[in-house]
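The paragraphs below lead through one protein chain, beginning with a single side chain and widening to the fold as a whole. Please keep the sequence and the model open while reading.

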Amino acid sequence: MAPHHLRYGVRENLAQFSHQLIQVLLVGFAIGMTRTVVPALAESEFGLERGSFLLLSSFVVAFGAVKAIMNFVAGRLSERIGRKRVLVLGWAVALPIPVMIWYAPGWDWIVAATVLLGINQGLCWSMTQTAKLDITRMEERGLTMGLNEFAGYVGVALAGIITAYAAELVGAREGLLVFGLTVVVLALVLSAVWVEETLPWAQAETAAHGAAPPQHPPRYAQGVSEQPSTAEVFAVMSWRDRRLAAVSQAGLVEKFIDALVWVMFPVFLVAQDASLTEVGWIVGVFGFVWGGSQLVTGRLSDHVGRFWPNVIGMWICGAGVAMVVLGSGALWWSISAGVAGFGMALLYPNLSAAVADITPPAWRGSAIGIYRFWRDLGYAVGALGLGIVANLSGGAEASFWFVAVSMFASGAVLAWLGEETHPRINPATEPARPPA
């Protein structure tokens, strides 16, 4: 039985909320350390043959496939053993990664290290998100997701810049080793010592909703069992509920941009004679705008709803990606990256918030895990598509058009199949009673 004294809200749980923000910042550092140095120096430092676009994209394909599966596992597992244990496990898995990159005699070691990174990210990022949703109120979900993704993607951007400078100062391998070990050990200690278990909040919310429906009843997915199996939740998220299916496909396609920025953007910029630190800053603009804007866009959706920020964000992202290859120069590329980053800020926290809006607390962790499965599978699908297109065309430019067209098309599907999910703006006609 969950305790009755638990309080909900960012302010009411500020200390624990802050600990979770630090965790997601460190999660961003962990993935960000591979964003600039590894792809930019794949040939000179890790022995990858020039023009091997499919091999270059292989480490992101591996990352995306593994992270997608771990998101799926993490959501269900956290409902059985708790959020904190999954978080600690994720950081323990990350311990060998910096050493593997430092030692790597060839590209296969980078791919293997990225598999472990996928496990780490799937477990840890999922738990920081789910834990914050556990302890905050319904009307704060947009803000919660905005702060979560702000911290994570500012971490990604900062890590890319810091490791670029470290590579130039002490060498790529040594810089990644020191930075990576510092991040992982610190995160493991903090998660074990200061992070609290938040599963009781989710259990208490389920009990409270069953006793007294909220003022603005959510439009929960219909026709779902009281105790849905993993297979049933997967079906609801993937095709049975058209709204959740629309959000899941949008999540998958928007990760094409992240794969592009990770794999092809550094290669494209280096081919245009940009220095490693210039690459770090230009790619960093994408992360900073994405992360920083979410402080506004997440909260915005609590007032105006999730639907239009998500749809418009998809289309703005597509425009920003297309802009990259329509001009030249560091300023133009930075502006283009900023446009794409702002589009991501509109959609990224609000796709997740939409899932949280219309899934009951009893199986919300599983629902978020399955959404994140589809979303991060986009890393693998997108990176594979990027590699094939670049290989066929003989250059990185075509991969930008592949992503831009995909974003416009996916946004159209979301506009067609989706609907407003915010309970205050579009409440259910009948009170929703999630299973106890």
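Phe256 is found in helix 11, which covers residues 242–271; helices here (H or I, at least four residues) and strands (E, at least two) are DSSP runs, numbered from the N terminus. The model is a predicted one, in which local features need pLDDT of at least 70 and side-chain atom pairs count only at pLDDT 80 or more, whereas totals for chains, interfaces and linings use all residues. Residues are numbered from 1 along each chain as its sequence is written, and side-chain values use heavy atoms, with hydrogens and water left out.

With a relative accessibility of 6%, Phe256 counts as buried, a term that means under 20% relative accessible area, while exposed means over 50% and partly exposed lies in between (1.4 Å probe, protein chains only). Leaving aside residues up to four places away in sequence, Phe256 touches Gly378, Val381, Gly382, Leu386, Phe402, Val403 and Ser406, where contact means heavy atoms within 4.5 Å. Phe256 and Met344 are 88 residues apart in sequence, and their C-alpha atoms are 11 Å apart in space.

Asp273 has a phi near 70 degrees, a positive value in a residue other than glycine, and at 70% relative accessibility Asp273 counts as exposed.

Which residues of helix 8 are buried? They are Ala172, Arg173, Gly175, Leu176, Leu177, Phe179, Gly180, Val183, Val184, Ala187, Leu190 and Ser191. An α-helix has 3.6 residues a turn, so residues three or four places apart point the same way. What covers the buried residues of helix 8 includes helix 1 (14–32), helix 2 (37–40), helix 4 (83–94), helix 5 (97–103) and helix 7 (141–170).

Within helix 8 lies Leu177, which counts as buried at 19% relative accessibility. Apart from residues up to four places away in sequence, Leu177 touches Pro98, Val99 and Trp102, and the C-alpha atoms of Leu177 and Ile97, 80 residues apart along the chain, are separated by 8.6 Å.

Another buried side chain belongs to Met70, with a relative accessible area of 17%, and its place is in helix 3 (residues 53–81). Met70 touches Gly118, Ile119, Gly122 and Leu123, again not counting residues up to four places away in sequence. By contrast, Met70 and Leu169, 99 residues apart in sequence, have C-alpha atoms that are 35 Å apart in space.

The chain as a whole can now be considered. It has 16 helices and zero strands. Its radius of gyration is 21 Å, close to the 22 Å that the globule rule gives for 436 residues, so the chain is as compact as a globular protein of that length; the radius is taken over C-alpha atoms, and the rule is 2.2 Å times the number of residues to the power 0.38. Along the principal axes, the C-alpha atoms fill a box of roughly 65 × 45 × 35 Å. Buried residues make up 62% of the 436 residues, and among contacts with a separation of 6 or more, 86% join residues 24 or more positions apart.
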